[in-house]
Structure formats: structure tokens, C-alpha cells
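Please look over the structure shown here before reading the notes on its core, its strands and its backbone.

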Amino acid sequence: MKAMVPSVGLLFLLAVVAAGIGTAQTPDAAVRVTSVSVDRLSDGVTVRIKTSGPAKYQSSFIDSPNRLVVDLPGATYTWNKTTLKSDAEPVRQVRGGQWKGSVARVVVDLTRKVGYR
């Protein structure tokens with residue numbers, strides 16, 4: 001069932017995509033965030049966070065200013081960009097980095113409050 005955002009009419013999707021899912025990760029090998037992309041779809045926008053293997057994540061919406069924060073515990077931010085500008089409304093830009101210790105953080109800056117899944 002698709003989540004609806006009645007006041008905005010826009011669906012914002014977040015996808016954490018693991019590369020090499022069939023390959024084994026050693027216990028001490030950290031998952032790496034290797035890239036981030038923003039894709040416009042007919043029913044919304046998808047932000048894809050590509051990782052080197054299966055990753056756990058936690059997301060939360062913060063307003064003033066509006067942004068979606070995605071933390072990936074046990075991950076290392078290795079993508080060579082720290083900011084990705086976007087023209088796919090409502091995403092203004094996506095930025096990321098190593099937040100604290102072994103937590104990679106990706107922040108999606110938005111022009112307004114939207115629903116996401």
C-alpha cells in the first residue's frame with residue numbers, strides 16, 4: 001500500500017541500496033556509503049544511498065529547516081562528494097559525511113515538509 005501525503009501530493013522515497021548483496025562481509029569490515037543519487041519519478045522523488053553491503057539505518061524528519069536525516073550505524077562515508085545539488089523538487093540538495101565514530105550520516109535538505117518512506 002502506498003503512503004499518501006494529502007497536503008503535498010508528493011511521495012518522497014528513500015532507498016538504501018546494497019551493492020554486492022551476495023558477497024560476505026567480514027565482521028570487522030565496515031559497510032561503506034559509496035554514492036548517493038536523486039531520481040525524479042512520476043509519483044515522487046527517490047533518494048538512493050548506495051552501500052558496499054547490507055546496512056542498517058535510522059531516519060527522522062526535522063523541520064526549521066525541513067530535512068530528512070538518515071544515520072547508518074556501523075558505516076563509513078566514503079563517497080567523494082559531500083554535497084549533491086538537486087533540481088528534483090522538493091529535494092534541494094543531499095549532503096553527507098562521517099557524523100560520529102562509526103555512524104555515516106546523509107541529510108536530504110527539502111524545500112518543504114513531505115511524507116517519506
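Predicted model: local features only at pLDDT ≥ 70, side-chain atom pairs only at ≥ 80, totals over all residues.

Residues are numbered from 1 along each chain as its sequence is written, and side-chain values use heavy atoms, with hydrogens and water left out.

**Nonpolar core**

- The largest nonpolar core has 20 residues, and those touching the most other members are Leu-72, Val-91, Val-94, Val-106 and Val-108.
- A nonpolar core is here a set of buried Ala, Val, Leu, Ile, Met, Phe, Trp, Tyr and Cys residues joined through side-chain atoms within 4.5 Å, where buried means under 20% relative accessible area, exposed over 50% and partly exposed in between, with a 1.4 Å probe and protein chains only.
- At least two residues of this core come from each of β2 (31–41), β3 (44–51), β5 (67–73), β6 (75–77), β8 (91–100) and β9 (103–110), and β9 gives the most, with four residues.
- Strands (E, at least two residues), like helices (H or I, at least four), are DSSP runs numbered from the N terminus.
- When neighbours within four places in sequence are left aside, Val-94 has contacts (heavy atoms within 4.5 Å) with Val-36, Val-38, Val-47, Thr-82, Thr-83, Leu-84, Val-106, Val-107 and Val-108.
- In soluble globular proteins, nonpolar side chains tend to be buried together.

**Strand pairing**

- Strands β2 and β3 run antiparallel and are joined by eight bridges, with two strands taken to pair if DSSP finds at least two bridges between them.
- A hairpin through two residues joins β2 to β3, and Val-38 has Val-47 in β3 as its bridge partner.
- The pairing of β2 with β6 is parallel and extends over three bridges, and Val-33 has Tyr-77 in β6 as its bridge partner.

**Backbone geometry**

- Most residues other than glycine have a negative phi, and most peptide bonds are trans.
- Ser-64, in the loop between β4 and β5, has a positive phi of about 65° although it is not a glycine, and Ser-64 counts as exposed because its relative accessibility is 69%.
- The peptide bond from Ser-64 to Pro-65 is cis, with omega near 0°, and Pro-65 lies in the loop between β4 (58–62) and β5.
- Another cis peptide bond, with omega about 15°, joins Glu-89 and Pro-90, and Pro-90 lies in the loop between β7 (83–85) and β8.
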